[in-house]
Amino acid sequence: MKIAVLAGDGIGPEITAEAVRVLQALAAGGPKLELEHAPVGGAGYDAAGDPLPEATVKLCERSDAILFGSVGGPKYDALPRARRPEQGLLRLRKHFDLFANLRPATVFPELAHASTLKPEVVAGLDLLILRELTGDIYFGQPRGVRTNENGEREGFDTMRYTESEIRRIAELAFETARRRSRRVCSVDKANVLETTQFWRDVVTEVHGRYRDVELSHMYVDNAAMQLVRNPKQFDVIVTGNMFGDILSDEASMLTGSIGMLPSASLNARGFGLYEPIHGSAPDIAGKGVANPLATILSAALLLRHSLQQEAAAQRVEAAVRKVLAQGYRTADIAEPGKRTVGTREMGDAVLAAL
Ligand code: IPM
Ligand code: MG
């Protein structure tokens, strides 16, 4: 099986290298994996003048899954939007129709104290944010900056969702909840936005075929508050692209650090892109201190969802739990009395635990 490795920018290459070592270690004794690297984001722009070079797309098309690091950096901020690193990621999501973004937020018992919230609020947390990833205001047209009828400049974007886009993510939310605690909370802003009132109506219709699953609706502002007040009330949260972007960053802090959250972005065929939910962290790039665990856990999701290697996925997750239990901590989850290590040493510890 072939995996396209797109490390990207900032800390991307450092954290991806550790996940690659984990995959290689697994391949040595089990599933045959072939890994091939290609540039994306700022690295793609540097290499080919495009954040998503044609050769990178071709590699992904020949692959069974994509392991992705992170993109972006101050060096590229002044580029025209179409050339910015983030476009590499957004175009990949669209190209492969990766509409379903799974962002599980689980609290490892060892890290309950690393959260900025009280341990009793987060201990035992196991929630899944299912974020729609190819629609919404992220992709809606028209968009831009224009001079309006009063001669004033104005910026505008368009929030839109088609019925089929809402249906397929809602169906997946209910299917997924059936394998969990059978509760779906759909997050919207139906009190203000037409698009999300429509979202609520369609999710409610789809629910008609999933009566065994409990459905609730919540406004996004309330959801943001409930996530820090009592996050354990949630099982599956299903929401649109932009609300999901924001709520998943918030949810990551429940788990101790944004450096802990993996994600899977899947299309209807099960082809997927796997990436940590965090960004390229330019401030610590190249220093060897970034937490590679979100990327290593993303590799576990890759094994599970794209390669059907459930046993291997569980081995990786167990190894991560073990290194945390052994007291290894990167700077973002450092605790007094524990051993603070760098990116490579954390990777070494996971390999040893494997
Ligand atoms: C994420 C990121 C991306 C997004 C950026 C890098 C385009 O924040 O995956 O959450 O907004 O979707
Ligand atoms: Mg984000």
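Which residues lie nearest the centre of the largest pocket? They are Leu102, Pro104, Leu301, Arg304 and His305, among 29 lining residues. The model is predicted: local features need pLDDT of at least 70, side-chain atom pairs count only at pLDDT 80 or more, and totals for chains, interfaces and linings use all residues. Residues are numbered from 1 along each chain as its sequence is written, chains are lettered from A and ligands numbered from 1 in written order, and side-chain values use heavy atoms, without hydrogens and water.

The largest pocket holds about 850 Å³ of space. A pocket is an open set of points on a 1 Å grid over the protein atoms alone, with protein on both sides within 12 Å along at least five of seven lines; lining residues have an atom within 4 Å of a point. Grid points are joined across faces, edges and corners, and a volume is the space filled by probe spheres set on the points. Two or more lining residues come from each of β4 (100–106), β5 (126–132), α6 (163–178), β11 (262–266), α10 (293–305) and α11 (310–325). Helices (H or I, at least four residues) and strands (E, at least two) are DSSP runs, numbered from the N terminus. By class, this lining has 14 nonpolar, 7 polar and 8 charged residues. Ala, Val, Leu, Ile, Met, Phe, Trp, Tyr, Cys and Pro count as nonpolar, Asp, Glu, Lys and Arg as charged, and the others, Gly among them, as polar.

Ligand 1 sits in the second largest pocket, with more than half of its atoms within 2 Å of the pocket's grid points. Around ligand 1 are Glu86, Arg93, Arg103, Arg131, Tyr138 and Asp245, each with a heavy atom within 4 Å. Five of these are charged, 1 is nonpolar and none is polar. The side chain of Tyr138 approaches to 2.5 Å. Arg131 has a side-chain N or O atom at 2.8 Å, and Asp245 has one at 2.9 Å. The protein covers 79% of the 320 Å² of accessible area that ligand 1 has on its own, by the Shrake-Rupley method with a 1.4 Å probe.

The structure also holds 1 cavity of 30 Å³ or more. A cavity is a set of points where a 1.4 Å probe fits but cannot get out. The largest cavity contains about 70 Å³ of space. Its lining includes Met159, Tyr161, Gly240 and Phe243. β8 (183–188) and α7 (194–207) each supply at least two lining residues, and α7 gives the largest share, 3 residues. The lining divides into 5 nonpolar, 3 polar and 2 charged residues.

Asp136 also lines this cavity. Asp136 lies in the loop between β5 and β6. Its phi is near 75°, a positive value in a residue other than glycine. Pro142 is found in the loop between β5 and β6 (144–147). A cis peptide bond joins Gln141 to Pro142, with omega about 0°.

Notes
Polar contact = N/O pair within 3.5 Å; in protein donor to acceptor, adjacent residues only side chain to side chain.
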